Amino acid sequence: MKYIILGAGPSGLAFAHSLLAKGEDSFLVIEKEAVAGGLCRSMNVDGSPLDIGGGHFLDVKNETVKKLLFQFLPEKEWQLFNRISTIQYQATEMDYPFEANLFQLPIDKQIDFVESIAEAGCNKGLPMPDLFEEWIEWKLGSLIAKEYMLPYNKKIWGGNLDKLGTYWLYKLPNVSLRDTLKSVIEKKPAGEMPAHAKFLYPKEYGYGEVWKRMGEALGERIILNTPVTEIDSKTKIINQKYQADCIINTIPWTEWMKFNISPDALKEEIKKLDYASIRIEYHENNLETKAHWVYLPDESLEEHRILCRHNFCGNSKGYWTEINTKNKKQKNNNWNYTNEYAYPLNTIGKPESVKNILNWAKENNIIGLGRWGEWEHMNSDVAVDKGIKLANII
Ligand SMILES: Cc1cc2nc3c(=O)[nH]c(=O)nc-3n(C[C@H](O)[C@H](O)[C@H](O)COP(=O)(O)OP(=O)(O)OC[C@H]3O[C@@H](n4cnc5c(N)ncnc54)[C@H](O)[C@@H]3O)c2cc1C
């Protein structure tokens, strides 16, 4: 083969189909699971689809990505939603984002929060800190940090906030004192809003349907149920059976520690990479909320997010929760699924380690692609976009 693609998640699938579209068919995709889709797979649970990698919604902005995905699940089979996401803050279910919706809280709380934002380091012109916990306080003020952002982040990342850097936080909207005051006086959100105000979700299926179809359309060019267990990085022989000129790696680099790789310096860089595992748990009752999903900063609850399936998945009931496996304490018999690899962690030294790993890979004609190949938080539309762009380049 010219190319062997490790992993049939959105990035590997997009790359494979983009090669085909260019008339290149000397490739093979190797996937350990029985169905393509990676973290975006769905299963049928209690009569309806459930997204086993957690709540998944397609962002609407990238036309190239939509064009590719609509070839497999046509546009008319998707429903467009205006995002409703909320935060359960103490007794109030308030809209997301927190800082733009303070007006939904009792007056005394509003005053406390506004006062705290006025004292935030960024509003007082203090230098930006390098550590995650200090950055949150600097950006949003000590009260939002203490009562919402730090507990929520502790839950989703499984503690260890002191390990995280700040280089990825540009995604958070800017919070100015002026916008906050405007919002509490006018009693409506003001200022910059976060991304994904609209999203697409399949009308009759789970999010996994489109990826499953993309996998099926590859025919003999994909082999499922086949974990990659051995790679010789010099000869590019995989599982002693398949050989390629170039390997496209979308599986976690930490899995490469099981293969025979050298030098030791590379292993040291891989060992520095960290990740969070997420357990999904199904509950059969409907919740009294219009939200598609609800964030839960309350540290006495093990789950950090609830996905209200009955509010976005046609003819379904029930909801599921997302729990960092480090927080899972109570036993129950609910249907559940654990994703060992859910979130790459943005640890302080990560950018340098990833750069060194990708440099080694490039020298060996191996390319890192997608969430795990680049060890970056990215949504599926971004993973697809990267797959398309890589096929354009090579
Ligand atoms: C809780 C949660 C919520 C999310 N919400 C959204 C959302 O709302 N919208 C959105 O667009 N994105 C969302 N994402 C992100 C989305 O899941 C990823 O962007 C996308 O799955 C990345 O695709 P990928 O192909 O790079 O990686 P993956 O989907 O992880 O695919 C990697 C593939 O490699 C395979 N693999 C691993 N090891 C081996 C091995 N040894 N041998 C063979 N195969 C192997 C895996 O089985 C998998 O199929 C969310 C992610 C999480 C965890």
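Let me start with Asp385, which counts as buried at 15% relative accessibility. Buried means under 20% relative accessible area, exposed is over 50%, and partly exposed is in between, with a 1.4 Å probe and protein chains only. A word on the source: this is a predicted model, where local features need pLDDT of at least 70, side-chain atom pairs count only at pLDDT 80 or more, and totals for chains, interfaces and linings use all residues. Residues are numbered from 1 along each chain as its sequence is written, and side-chain values use heavy atoms, with hydrogens and water left out.

Back to Asp385. It is found in helix α11. Helices here are DSSP runs of H or I with at least four residues, strands are runs of E with at least two, and both are numbered from the N terminus. Asp385 touches Asn62 and Val65, not counting residues up to four places away in sequence. Contact means heavy atoms within 4.5 Å. Tyr242 is 143 residues from Asp385 in sequence, and 27 Å away in space, C-alpha to C-alpha.

Now the helix itself. α11 has 14 residues. From first C-alpha to last it reaches 20 Å, close to the 20 Å expected at 1.5 Å a residue. That expected span is 1.5 Å times one less than the number of residues. Its buried residues include Ser380, Asp381, Val384 and Ile388. What do the buried residues of α11 pack against? The partners are α1, β5, α2, α7, β14 and β20.

Take α2 next. α2 and α11 pack at an angle of about 90°, with their axes 9 Å apart. So α2 is roughly perpendicular to α11, a label for angles of 65 to 115 degrees. Axes are lines fitted to C-alpha atoms, for helices over the stretch in contact, and angles run from 0 to 180 degrees between N-to-C directions. Thr64, Val65, Leu68 and Leu69 of α2 meet Asp381, Val384, Asp385 and Ile388 of α11. By class, that contact has five nonpolar residues, one polar and two charged. Ala, Val, Leu, Ile, Met, Phe, Trp, Tyr, Cys and Pro count as nonpolar; Asp, Glu, Lys and Arg as charged; the others, Gly among them, as polar.

Then α1, residues 10-21. It packs on α11, residues 380-393, at about 35°, with the axes 7 Å apart. On the α1 side, the contact residues include Phe15 and Leu19; on the α11 side, they include Gly387 and Leu390. This contact has nine nonpolar, four polar and no charged residues.

Note on methods:
Parallel < 35°, antiparallel > 145°, perpendicular 65-115°, else oblique.
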